[in-house]
Amino acid sequence: MTDESIATVREVIDLLSKTEPLTEGEIGRLYSAYQDQERIDFFASEHVQKKQLADIEKRQKEHQTSRLHRLWCDSLSRDSQNDLELHAQLTIELFKKFTKTGDIPPPASPWRIAVLLRKRNEVDLERRFLEAWTRHFGNTIGTKYEALKQRYDKLNG
């Protein structure tokens, strides 16, 4: 494990720890506004529809060249499963997106972070990471979200 990957995990922990958790209402409002940006109002004038479509296409092009997209694509490779640096960076980018859009990040990279920290016997760092993660997503429904919460509870047992 490189010093760089440990520093990036600490960056994830700091970001999650310093950011106040969003309420369900805040998440809902952010996500609703995010979804509204991706809709075309077919009752609006043709001019408005064309502008909405152009805005959607512009955001899609920006996403295709974004750091988040590149990290996401890299994470899908089998060779990346043990890349702590990659999963930490991806978790940062997904969390930043979440705070802007209310789109809850998938738990795959946080799970890999926890697993890789455990493999490297970084129990304290794993505990701190899971504490920060569950502060935001500990009540999220889903098998991996629940497994991350259980893993944190077990470390604090």
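Q: Is F137 buried or exposed?
A: This is a predicted model. Burial is judged by relative accessible area, and under 20% counts as buried. F137 has a relative accessible area of 1%, so F137 is buried.

Q: Which residue forms an aromatic pair with F137, and what is the geometry?
A: A pair of aromatic rings is described by the distance of the centres and the angle of the planes. F137 pairs with F95. F95 lies in helix 5 and F137 in helix 7, so the pair ties together parts 42 residues apart in sequence. F95 is buried too, at 3% relative accessibility. F95, F98, W133 and F137 form one aromatic cluster.

Q: How many aromatic pairs does the structure hold?
A: Five. One of them joins Y31 and Y34. The ring centres are 6.0 Å apart and the planes stand at 50°, so this pair is tilted. Both residues sit in helix 2 (residues 24-37), three residues apart, so about one helical turn separates them. Y31 is partly exposed, with a relative accessible area of 33%. Y34 is partly exposed at 21%.

Q: What is the overall fold pattern?
A: Read along the sequence, it is α-α-α-α-α-α-α-α. That is eight helices and zero strands. The C-alpha atoms fill a box of roughly 60 × 35 × 25 Å along the principal axes. Of the 157 residues, 38% are buried.

Q: Which residues touch the most other members of the largest nonpolar core?
A: V9, L16, I113, L117, F129, L130 and W133, in a core of 28 residues. The elements giving two or more residues to this core are helix 1 (3-18), helix 5 (84-101), helix 6 (108-119), helix 7 (123-137) and helix 8 (143-155). Apart from this core lies another, of five residues, among them L68, L86, L90 and L94.

Q: What does V9 touch beyond its sequence neighbours?
A: Leaving out residues up to four places away, V9 touches L84, A88, I113, L117 and L125.

Q: And where does T8 lie?
A: T8 lies in helix 1. T8 counts as buried, at 7% relative accessibility. Setting aside neighbours within four places in sequence, T8 contacts E85, A88, Q89 and I92.

Q: How many charged side chains are there?
A: The protein has 26 positive and 26 negative side chains. The centres of the two sets lie 2 Å apart.

Methods
Residues numbered from 1 in each chain as written. Predicted model: local features only at pLDDT ≥ 70, side-chain atom pairs only at ≥ 80, totals over all residues. Heavy atoms only, no water. Helix = DSSP H or I, 4+ residues; strand = E, 2+ residues; numbered from the N terminus. Buried < 20%, exposed > 50% of the residue type's maximum accessible area, 1.4 Å probe, protein only. Lys, Arg positive; Asp, Glu negative; His and termini not counted. Charge placed at Lys NZ, Arg CZ, Asp CG, Glu CD. Core = buried A, V, L, I, M, F, W, Y, C linked by side-chain atoms within 4.5 Å. Contact = heavy atoms within 4.5 Å. Phe/Tyr/Trp six-rings, centres within 6.5 Å; stacked < 30°, edge-to-face > 60°.
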